[in-house]
Amino acid sequence: MDTQTAKKTLNNPRHWSRHLLSTVLMLWLALHHTATAQVAEGEVRYLVTHNWVKKLAALDYISAREREKVAYMWGNRAEWKAYMRLYFSPQRSRYEESDEQAEAEMVGYAGRREPLLFYRDFEQARLFDVVKAQGRTYFIEDSLQCPQWKVLNDVKEVAGYVCMNASWEDPIKGHRIEVWFALDLPTPAGPEDLCGLPGLILEANYNDGAMVIAADQINLRSLGDALNLPKIKAKGKRVSWEEYRELQRKYIAEQRKAENAWFWGIRY
Amino acid sequence: MYFLLLRVKSARTLSALFTLFASGAVVLTAQTPSRITLKGTVLTDSVGEPAAMATVMLLHPTDSTLLAFTRCDERGAFVFRNVRNAVYLLKVSYVGYLPYQQRLLPAESESTDLGMLVLKPIQRALMEVVVRTAKAPLYIRGDTIEYDATTFKVPPGSTVEDLLRRLPGIEVDDAGNIRAQGREVRRIYVNGKTFFGSDPKLATKNLGAETIAKVQVFDEKSEAARLMGVEDGKQERAMNLELKEEYKKGAFGKATLAGGTDDRWASRGSYNRFDEHHQFSLIGYGNNINETGVNWEDYSEFKGQNTFQDLSGEDFGFGGMLYGTYFSTAESGLLNFFDGRGFTRNGGGGINYNFDNKKTKANASYIYNQTHLDLDEFARRDNFLSTGVFSNTDTMHLDEFRGNHRLDGRMERNFDSLNVLIVKGSLSLSHSEKQEGRQQRFFDSDAPFSLINRISTENSAKQQAWTLSSSAVFRHRFRKPGRAFALSTGYSQQVVEQRERFFSQNQLFMPTERLEQFRTRNLNNANSWRLKSSALYSEPLSQHWFWQTFANARYSDNATNRQVRAPDQGDLRVDSLSVFYNFTEQFYRLGSSLRYVVEGFNASVGLAKQQLALNGRFAQDRNLPPLAPPIRRSFNDFIPYAAVELEPMEDLYFDLEYTYVVTPPSFSNLQPVPVFSNPAFQHIGNPELGPERAHHLQFSAYYWDDASFASMGFQLSADGYESQITFNQRVERSDSLGILTITRPENVTGGHRVSSYSWGNVPIVKNRLSLSFNGDASRRLAPAFVNDVRNDTDDRYWHLSTSLSLTLGSKFIFSASGSLGFNNVTYSIRSDLNQRIRDHSANASIKWEFLAKTFLESNFNYRLFRNPAFDFRQEVPIINVSVRRLFGPKNRMEVRLAAFDLLNRRLAVNQRGTQNFVTTSISPTLARYFMLSMSYNFRGQADKVTKNDGGIIIY
């Protein structure tokens, strides 16, 4: 695919809605404080469950034979858990790794952490991400990007909040993502790079359980400085959101050709 | 009022609108506004209770894409200002109410008031019981509400009726009549279809509850209305039971039969069946082509989920609880392992069962494997003394049978997230028989061609043994992260019964000719058992500091009875060679360590006190008085420990570990009666033998580059001996034996051993060309006394190999590799006899799909063995070629024609230099043959060449 077509895919508004009408948003935000009784500011601890056998099963380019074999040998011991933390308000959100260790066996060991940040400023309609991909750290700064959600009808409780579901298909990674957002927490924030729903996203299920991000503790409180853009010590390359998407697309295409799983090299 | 609008440039939105225009369903006149204001009020009932803060969304009418959203104010009012005038799906959601949906057509005026939108409540019972208590999602399809019936637990064997009684909002009376949300259910569907006519009870009384995935309750037109096609306005309550999708289950298998020249044959087969919780497999093989077991792929399919096991460690120590995933070696007897010498006939098979649900993992298996080895070996051994050199040739024929039954079981039970119990047990029964004939000629090398003597031996042995081993590990975690306790216990026992017959004939030529014969009949019995237990407690002191302490206790008992009789002398016991000995070993260790943990840096220091007590007694036979006073030895040591795990940057790891190792001597090395099968080489134990003591250091480094996929690693292991157990020699000329060598284990100070290994893989052209290398280097400085003269053998070894692999698409792979091996051995007492042993090789291989589904695979390997000290040079060139073709649906059939060792040059060569001797041996093994094989694989064979199937497959 040449760059032109690639850009077209990236700009395709079916998948991501770009350039939120910031004036409208600001109006909403300004009125928000007076109109709402709920506090929509606080922090969420998400438990992320990775299942690498299901991640592999979702790759259509790996032979069925190989996927079956991996599931046969590893299906019941393929999970890995980690905690993530989201600080949110209707205006901003900050998502990063938690200090807590979700794998009990790993308590007492501390590996090197990779730089990671998903920062959203809904007021300014900006995003600032720090992500490691293919061994390199990228600083992504751009206007806000949120998926184009399809809103569904189902009702479920997550961490004490009644949620509705919505879904989205990522055209580059090929993910089918189903999320549950809280009707009572009015903020467009969510885990990872997910955002743009009328309520806080409390659960996200990628490819039928390949990765499940579920809120397990929600603490509503005034956050103060926690919502400011943190200082990142790591060095990295500055790219736009589109450049970063293009980088991912290229890498996934390369791995597809080599019939290797791409998710060891870039974030799922 | 406020709202949020997501700007949309959707092509599909436009095309949908265009469709609407074109179809004429909506005709927008020039007066139709392009942007409008939409408003309305959301109420929770018809009385007028407002739905304050309800979420109101505008969705794309065909695919529900979210276009804009807002929230109601305290009066339930909402407004969307300045939105595009188009077709929308308006959706209102509010906690506790069914989502409200309404299709909006393009408006004719700039401001449209949708009026009052009244929400319908979701049954309170559903919200409370299903959503809040059972945490199950409610699936809402219009007015139909479904939920996941699997979250409601009923006892096994329950019917749907029992399940329905549990479900909120549903009542079942004694007669089996069902009422849902207060109204009688008139009709029951199963997967949307009427089940056995119209009596709903037939379905609910007959179907098993475990087959149901979802229960749906909805209202439908009355039967009269449906039959007559006339709307009577009546609604009847109906229920649909969605059955679970068939459990994921299936079966697969494969079989191969091969026949070749020189009566070569091979076969193997496997069958696997599985469902969500169970895996069952059978495997079998047989051949006469030196495959003593199955390959890794077949083995891992046989073991399934149990190929690797978690949390199996039971001897806790400084390393903690030994977490991690381990390769289960239990039935590794099934895996192909052949050392390259001789000819074997092999057979075996097994049955394996795995059970796995969330709480319990269980495994049981039985395997049998046997090998019949037919081996000829020609060896030369040169022995160095401070006073001279002697050498011997050794021609051996061995005919050996080994058979092994093995039963294994393992269970891992997770009582809850904090408590785990793992119980393991295995029992094996083995039988072996061997016949060995040897002829050795001894020469005085300083006086060439002078034959000293010739020894011929005929030995046979039959052995029967059983081994039991069992263990249990219990782990408890406390709620505080990092605080944990573990306890383990294990028992093992081995009973061996062996009958041997030795015959040797020694023809002496110097100083005078004479003939000596020696014949014995031995009965050996050994019974040993061991009981052990360990405990570990770990406590987090802070976020960065952890403390752990452990205790180990072990008790071993070994009773060996060796009764040697002389058939030539009335079958009397040979007192000098018969012995009964009974040793016990008690081992206790108590240790503690402190660990500091911070991002990328983990360090531990620890200290343990250990005590080892050995008690032993000897007699000529089990019930005879002791030969010598009992041995009582006790060794007390402090064991220091330190470890650092460092990750200075991502994907770069360093590990360093130091500890002091005290290894107790083996019991057989403690008993003082000589053991030999050949009178010229005798081994005698040493009751005074102490443990081996060494400082042990281990280092490893590993690097992985995400971007290029390059990786490399390095490992180093070093031991500095304070006291090393070495086998000192006494070599004597004897008129009755020729040259007699007696080895005896003794503790010697000094010596060290260092070994290192490194590897790397560098892609040159991504996915096409890659370079890999690995190398190892080791050095061992071992002192040993020969006739009381200390000789330090310095054994240095280097090996380096590199390979280049070229992949062209999925059709062609070429690789070339080379390897150099150097082994220099120097002797402090005779530097003129230093050895320079070489083992070099070059290899090229090709895999090529040259026609559709037709593959050519070939490799050429050239190996050169050299030792200039003896003018030894042996070349072994090997060429293998195979052509195979896939047939049938899913490529299930494969036919292969293979030529193995086309040049007919295969030989096994071993060169080894240690202590004060060098041996070089050559054994014939399977050389040229041709083979035709047919395989069937239920899952189909991959229609491409793959790098990782490891070498050439012969059948």
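## Across the interface

The rule finds 8 salt bridges across the interface of chain A and chain B, a salt bridge being a side-chain nitrogen of Lys or Arg within 4 Å of a carboxyl oxygen of Asp or Glu. One of them pairs Lys766(B) with Glu254(A), where the closest N and O atoms are 3.1 Å apart.

Keep in mind that this is a predicted model: local features need pLDDT of at least 70, and side-chain atom pairs count only at pLDDT 80 or more, while totals for chains, interfaces and linings use all residues. Residues are numbered from 1 along each chain, chains are lettered from A, and side-chain values use heavy atoms, with hydrogens and water left out.

## Who touches whom

Chain A brings 67 residues to the contact and chain B brings 87; contact here means heavy atoms within 4.5 Å.

On the side of chain A that touches chain B, you'd find 32 nonpolar, 18 polar and 17 charged residues. Nonpolar covers Ala, Val, Leu, Ile, Met, Phe, Trp, Tyr, Cys and Pro, charged covers Asp, Glu, Lys and Arg, and the others, Gly among them, are polar.

## The cysteines

Over all chains there's 1 disulfide, meaning a pair of cysteine sulfur atoms within 2.5 Å. Cys146(A) and Cys195(A) make it, S to S 2.1 Å. The torsion about their S-S bond is about -110 degrees, so this disulfide is left-handed.

Both Cys146(A) and Cys195(A) are buried (under 20% relative accessible area, with exposed over 50% and partly exposed in between; 1.4 Å probe, protein chains only). Cys163(A) is in no disulfide, as the nearest cysteine sulfur, that of Cys195(A), is 17 Å away.
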